[in-house]
Amino acid sequence: MRITRRIATASLLAMALAAPAFAEDKPTILVSVPGLTFPFFVHMMEAFKAEAAKQGFDAIESDGQVSSPKQTADIEAALAKGVKGIVLSPNEVDAMAPALQEAVDAKVPVVTVDRRVPSVTGILGHVGADNVKGGEAQGELVEKLFPNGATIINLQGQSGASPAIDRNKGLHNVLDKAADKYKIVFEQTAGFDRAKGLSITEAALAGMATPPQVIVAANDDMALGALEAVKGRNLKGIVIIGFDALPETLGKIRDGEITATIEQFPGKQSATGVDMVADFLKTGKKPAQQITLLTPQAITKDNLNLAERLNEVK
């Protein structure tokens, strides 16, 4: 009996040693986005997981649920499980800094995508769009479409999120140079949210004697909400410019309901971020430059073929 028990115990120990939580030939990484209620981040998550599988990694999926405490808890849980790397788009710039610093201090390579957290020292890399240039592209399109000037509603993104800050800065960089011609008659955050984009645009339009000529939104969800508000008041001819090139928006551009959006290539951003972590884990190689920024592209009916997700348009 004792011999049998010893053999059984030894077998269990051997099995435990042979099957660690994360096999060394297939490391596990955490991939995290601010919230999967946003189509943009659903696309980003799919790209994360696809590239992780391509690189031979297991991926733990984290939905931040638009909550920095939730995303922080996901990071801490992943570190406790022994993840080898983290690739994420942070919910907020400042609120996520402590958790990311904890990961860096634990020697876990971290790559941020879409949103930077510059206060954290030691981050392996960042991949994103140059959101200032993206906002400038929106402003330049307004100038092109309305060379004699225009009145504009500006729907800003989530407060504290670096893309919202940078896109707003880029828009103002262009329009403020000719503020006498390009008048922002209403400006407020709608939190990157479609329902808020609808309700805030409705409130703005209700308070105006004359409708604006342009509505600029810092993402497509808000632009789509604004479109509902415009339709609800049966207004015609208002130019709507979004940002993110969601398939639904591309369809609206094709059909003439929305004028333009800004493509920032989120799938390419996400795959590049995973590749940075993979290269470091496999070879110890750091990226040639810590910050990689892709240049956004304005998409109209004339160049829909440049959109990353055109094949998803119904």
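Me: What share of the contacts in the protein chain with a separation of 6 or more comes from residues 24 or more positions apart?
Reply: That share is 74%, where contact means heavy atoms within 4.5 Å. This is a predicted model, in which local features need pLDDT of at least 70 and side-chain atom pairs count only at pLDDT 80 or more, while totals for chains, interfaces and linings use all residues. Residues are numbered from 1 along each chain as its sequence is written, and side-chain values use heavy atoms, with hydrogens and water left out.

Me: Why does His43 count as buried?
Reply: His43 has 14% relative accessibility, so it counts as buried (under 20% relative accessible area; exposed is over 50%, partly exposed in between; 1.4 Å probe, protein chains only). Buried residues make up 51% of the 314 residues in the protein chain.

Me: Where is His43 placed, and what is it in contact with beyond its neighbours within four places in sequence?
Reply: His43 sits in helix H2 (helices are DSSP runs of H or I, at least four residues; strands are runs of E, at least two; numbering starts at the N terminus). Leaving those neighbours aside, His43 is in contact with Pro266, Gly267, Glu308, Arg309 and Glu312. The C-alpha atoms of His43 and Leu246 are separated by 9.1 Å, although the two are 203 residues apart along the chain.

Me: How do you know that the end C-alpha atoms of helix H5 agree with what its 15 residues should span?
Reply: The expected span is 1.5 Å times one less than the number of residues. For H5 (residues 131–145) that gives 21 Å, and the end C-alpha atoms are 21 Å apart, so the two agree. Buried residues of H5 include Asn131, Gly135, Gln138 and Leu141.

Me: Which residues touch the most other members of the largest nonpolar core?
Reply: They are Ile29, Phe48, Val87, Leu155, Ile215 and Ile240, out of 51 residues. Such a core is a set of buried Ala, Val, Leu, Ile, Met, Phe, Trp, Tyr and Cys residues joined through side-chain atoms within 4.5 Å. Helix H8 (residues 220–232) supplies the largest share, seven residues.

Me: How many helices and strands does the protein chain come to?
Reply: The secondary structure comes to ten helices and twelve strands. The C-alpha atoms of the protein chain fill a box of roughly 90 × 35 × 35 Å along the principal axes.
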